[in-house]
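Thanks, everyone. I'll take you through one model, stop by stop.

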Amino acid sequence: MTQMPPPVLAPDVFQRRLLGWFDAHGRHDLPWQHERTPYRVWVSEIMLQQTQVATVIPYFERFMARFPNVLALAGASQDEVLHLWTGLGYYARGRNLHKAARVVVDEHGGEFPVHNLDDMAALPGIGRSTAGAIIAQSTGQRATILDGNVKRSLSRLHAVEGWPGRPAVERRLWALAEHFTPRERLVDYTQAMMDFGATLCRRGRPDCARCPFNDVCLAHERGEERRFPESKPSKALPTRTTLMLLLCDDDGRVLLEQRPPSGLWGGLWGLPQFDDGESLRAWLDARAPGAKLAPSWASFTHVFSHFRLDITPQPARIARLDAVGEAQRWYDPEQPDSIGLAAPVKALLSSLAPFTLTAPAGPEPLHQEYSS
DNA sequence: AACCCGGGGTA
DNA sequence: TACCCAGGGTT
């Protein structure tokens with residue numbers, strides 16, 4: 001076990017400097033800072049997990065106007081909640097927010113369990129850091145946060161080596177965060193830690209000249225502020241392949257399917273997808289036996305953060321297909337419906353509009369042409 | 001075009 | 001316990 005160097009400052013010195021900076025330069029007028037109830041702090045924290053303050057504010061205001069308390073939220077339908085979440089992305093968090101409201105009402109008598117960190121962290125969508133943030137900010141009890149801002153500041157201050165996603169690094173950062181957490185002024189301290197990372201100890205250009213810790217910061221001493229926190233080790237992206245069926249009818253409309261509610265492109269509309277030509281054919285035989293295949297189009301690649309997807313569009317034509325399932329629709333590229341489309345599907349469909357798909361006389365073998 | 005983000009899920 | 005996942009915004 002490696003001996004860790006001690007923290008660069010005693011807790012009381014760190015707190016005094018941080019709060020002095022916060023009093024002069026922190027954010028004091030955010031909507032959730034006034035009438036700072038657990039409910040309002042919770043909603044703001046969940047929204048802020050994925051989005052910056054300026055974007056969150058109008059969403060937060062609309063949300064509060066429609067769902068002023070946890071009871072109102074628990075009584076709403078999931079659709080209504082997701083409607084107000086539209087545009088924020090990460091809909092799983094909107095769903096968790098709704099689920100957690102129901103747990104608070106059903107299992108905690110409508111009161112957030114703000115006197116028990118573990119109970120808070122057991123609520124859907126709330127982990128250790130968010131639980132700490134809600135408790136500290138809504139009650140002033142001693143609780144510690146470790147969000148991305150705090151991880152960045154602390155890893156610079158102590159030149160913590162290694163990617164914070166690694167358990168050993170994360171443990172060290174939690175220990176530092178707990179070490180500095182005061183026993184008083186928790187509301188201000190917690191906001192100060194977030195503001196400090198967000199506005200001064202920024203990812204790109206930290207403002208070291210104005211930093212109250214620039215005399216003790218180990219990263220600054222080495223002139224290596226930008227090296228911390230270390231980034232996630234990059235891996236070669238795996239490549240997956242898929243066939244996307246462009247089944248067109250005589251009116252030039254294309255068959256779309258709605259994707260399952262969770263996972264990749266959850267809830268969005270897309271083209272029927274297949275791992276290989278065999279399963280595509282089987283699908284056509286079963287559901288559109290009169291369809292005629294055209295030669296497939298050139299493949300293209302869509303890149304995600306964690307894999308590359310090689311997409312081969314496979315056009316086919318059918319005179320008419322009456323049985324359209326609930327999660328299916330005919331889509332007219334020239335008069336697009338206002339629905340959510342997966343990004344590459346959207347690109348494919350908009351490129352489709354000016355063209356007419358032609359089908360050969362008979363069924364063709366699947367023929368893949370790869371562009372360079 | 002990389003990089004980032006807190007929590008949930010899985011092997 | 002040690003990964004992987006989502007997907008829009010920032011840089």
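Glutamate 35 sits in the loop between helix 1 and helix 2. Helices here are DSSP runs of H or I with at least four residues, strands are E runs of at least two, and both are numbered from the N terminus. Before going on, the ground rules. This is a predicted model, where local features need pLDDT of at least 70, side-chain atom pairs count only at pLDDT 80 or more, and totals for chains, interfaces and linings use all residues. Residues are numbered from 1 along each chain as its sequence is written, chains are lettered from A and ligands numbered from 1 in the order in which they are written, and side-chain values use heavy atoms, leaving out hydrogens and water.

Back to glutamate 35. Its phi is positive, about 60°, although it is not a glycine. Most residues other than glycine have a negative phi, and most peptide bonds are trans. Is glutamate 35 buried or exposed? It counts as exposed, at 57% relative accessibility. The cut-offs: buried is under 20% relative accessible area, exposed is over 50%, partly exposed is in between, with a 1.4 Å probe and protein chains only.

Alanine 159 also has a positive phi, about 50°, and is not a glycine. Alanine 159 lies in the loop between helix 9 and helix 10. This residue is buried, with a relative accessible area of 7%.

Next, a cis peptide bond. It joins phenylalanine 228 and proline 229, with omega about -10°. Proline 229 is in the loop between helix 12 (218-221) and strand 1 (239-248).

How many of the eleven residues of helix 2 are buried? Nine, so helix 2 is largely enclosed by the rest of the structure. Among them are Tyr39, Arg40, Trp42 and Met47. The buried residues pack against helices 3, 4, 5, 6, 8 and 11.

Take the pairing with helix 8. Helix 2 (residues 38-48) and helix 8 (residues 128-139) pack at about 145°, with axes 9 Å apart. Those axes are lines fitted to C-alpha atoms over the stretch in contact, and angles run from 0 to 180 degrees between N-to-C directions. On the helix 2 side, the contact is made by Pro38, Val41, Trp42, Glu45 and Ile46. Helix 8 brings Thr130, Ala133, Ile134, Gln137 and Ser138. Contact means heavy atoms within 4.5 Å.

Helix 10 covers residues 167-180. Its 14 residues should span 20 Å at 1.5 Å a residue, and the end C-alpha atoms are 20 Å apart, which agrees. The expected span is 1.5 Å times one less than the number of residues. Buried residues of helix 10 include Arg172, Trp174 and Phe180. Their cover includes helices 1, 8, 9 and 11.

Threonine 190 is in helix 11. It is buried, at 2% relative accessible area. Leaving out residues up to four places away in sequence, threonine 190 touches Ala133, Ala136, Gln137 and Ile145.

**Last stop**

Arginine 27 is in the loop between helix 1 and helix 2. It is partly exposed, with a relative accessible area of 25%. Beyond four places in sequence, its contacts include Phe22, Gln191, Asp195 and Thr199.
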